[in-house]
Amino acid sequence: MKKYKYIIIAGALIPVLLFGGCGTREEAVPTAAENADVSESASAIIPSEDFYITEITDDIFERIKGKSFKDDCTLPREDLRYIHVLHKDLDGEVHEGEMIVNKHIADDVLDILKALYEADYPIERMRLVDEYDADDELSMEDNNSSSFNFRFISHTTKVSKHGLGLAVDINTLYNPYTKVVDGERIIEPINGEPYLDRNADFPYKINEEDLCYKLFTEHGFEWGGAWTDRKDYQHFEIPNEIIAKWYPDN
Ligand SMILES: [Zn+2]
């Protein structure tokens with residue numbers, strides 16, 4: 001299973017390695033050979049083989065069909081990409097991470113997640129939302145980081161940014177969404193309430209000094225924590241002007 005995956009990926013990665021990745025890699029990121037030397041004594045992990053992008057293969061599609069890729073999904077499967085990365089939790093333990101995003105941002109998200117890994121930035125969980133039956137609340141309650149989950153904006157035929165795979169949520173439990181509606185405060189996930197106090201000190205907190213914030217905004221994303229009518233501290237999205245160019249009919 002795993003070998004099969006790598007065979008597909010090897011082909012997909014060649015153009016990236018030849019043309020896309022080398023320049024940036026030379027600036028800040030150790031080469032694959034350097035990584036191998038460094039990690040040899042500590043572990044057998046060679047990050048360059050663990051960070052990759054593929055199209056939505058049949059195997060992956062089986063996992064998302066009828067869940068995040070809902071039956072009424074209007075976004076073509078071809079517009080999505082599967083990203084595989086490594087990430088570290090608070091204890092520095094390494095985990096495999098998976099995320100599905102729009103093809104337009106796949107390279108950026110891979111670069112960001114790789115930089116976060118190399119900086120030991122803690123991300124607790126990164127599983128496909130399909131493992132929670134595409135239930136956002138359950139995924140957020142579990143502090144899961146994810147992107148694509150098809151849906152229309154309520155009472156419209158417009159696809160939401162997560163529905164387009166053009167928004168990414170990171171460490172969701174500790175960076176909740178909140179809004180006051182008719183005098184009542186909504187908090188998502190519901191167990192994120194202790195983390196609404198952004199002056200308090202707690203792990204996984206995203207603010208404007210945070211590396212995750214810096215990387216996403218450098219790559220052109222907007223942060224939901226900067227909004228004034230509501231706050232979405234976990235959320236990074238592509239601005240409307242850019243999405244209008246990619247999806248003029250949405
Ligand atoms: Zn979000």
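**First stop: helix H4**

Select H4 and check its length: at 1.5 Å a residue its 13 residues should span 18 Å, and the end C-alpha atoms are 18 Å apart, so the two agree. The expected span here is 1.5 Å times one less than the number of residues in the helix. A word on labels: helices (H or I, at least four residues) and strands (E, at least two) are DSSP runs, numbered from the N terminus.

Before you go on, note that this is a predicted model, in which local features need pLDDT of at least 70 and side-chain atom pairs count only at pLDDT 80 or more, while totals for chains, interfaces and linings use all residues. Residues are numbered from 1 along each chain as its sequence is written.

Still on H4, color Ala106, Val109, Leu110, Ile112, Leu113, Lys114 and Leu116: these are its buried residues. Buried means 20 or more other C-beta atoms within 10 Å of a residue's own, exposed means 12 or fewer, and partly exposed is in between, with C-beta atoms placed from the backbone. The buried residues of H4 pack against strand E1 (52-55), E2, E3, E4 and H6.

**Into the core**

Now select Ile83, Ile100, Val101, Ala106, Val109, Leu110 and Phe216, which touch the most other members of the 42-residue largest nonpolar core. Such a core is a set of buried Ala, Val, Leu, Ile, Met, Phe, Trp, Tyr and Cys residues joined through C-beta atoms within 7 Å. Helix H3 (58-64), strand E2 (80-88), strand E3 (94-102), helix H4 (106-118), strand E4 (167-169) and helix H6 (211-218) each supply at least two of its residues. Which of them gives the most? That is H4, with six residues.

Zoom in on Ala106: leaving out residues up to four places away in sequence, it touches Ile53, Arg81, Ile83 and Val101. Contact here means C-beta atoms, placed from the backbone, within 7 Å.

**Over to the sheet**

Show E6, E5 and E8, three strands that form an open antiparallel sheet in the order E6-E5-E8. Strand E6 (184-188) and strand E8 (231-232) are at the edges with a single partner strand each, so one side of each has no neighbour in the sheet. Two strands count as paired if DSSP finds at least two bridges between them.

Strand E5 (residues 177-181) pairs with E6 over five bridges, and Val181 sits opposite Glu184 of E6. In their hairpin, which has two residues between the strands, pick out Asp182 for its positive phi near 50°. On the other pairing, two bridges join E5 to E8, and Thr178 has Lys231 as its bridge partner in E8.

Most residues other than glycine have a negative phi, and most peptide bonds are trans. Go to the loop between E6 and H6, where you'll find Pro189; the peptide bond from Glu188 to Pro189 is cis, with omega near 0°.

Buried or exposed? His155 counts as exposed because it has 6 C-beta neighbours inside 10 Å. Asn171, in the loop between E4 and E5, also has a positive phi, near 45°, but counts as buried, with 24 C-beta neighbours inside 10 Å.

**Last stop: confidence**

Color by pLDDT, the predictor's confidence in each residue from 0 to 100. The chain averages 86, and 81% of the residues score at least 70. Over residues 1-47 the pLDDT is below 50. Where pLDDT is low, the predicted coordinates should not be read in detail.

Terms used: Two residues are in contact if their C-beta atoms, placed from the backbone, lie within 7 Å.
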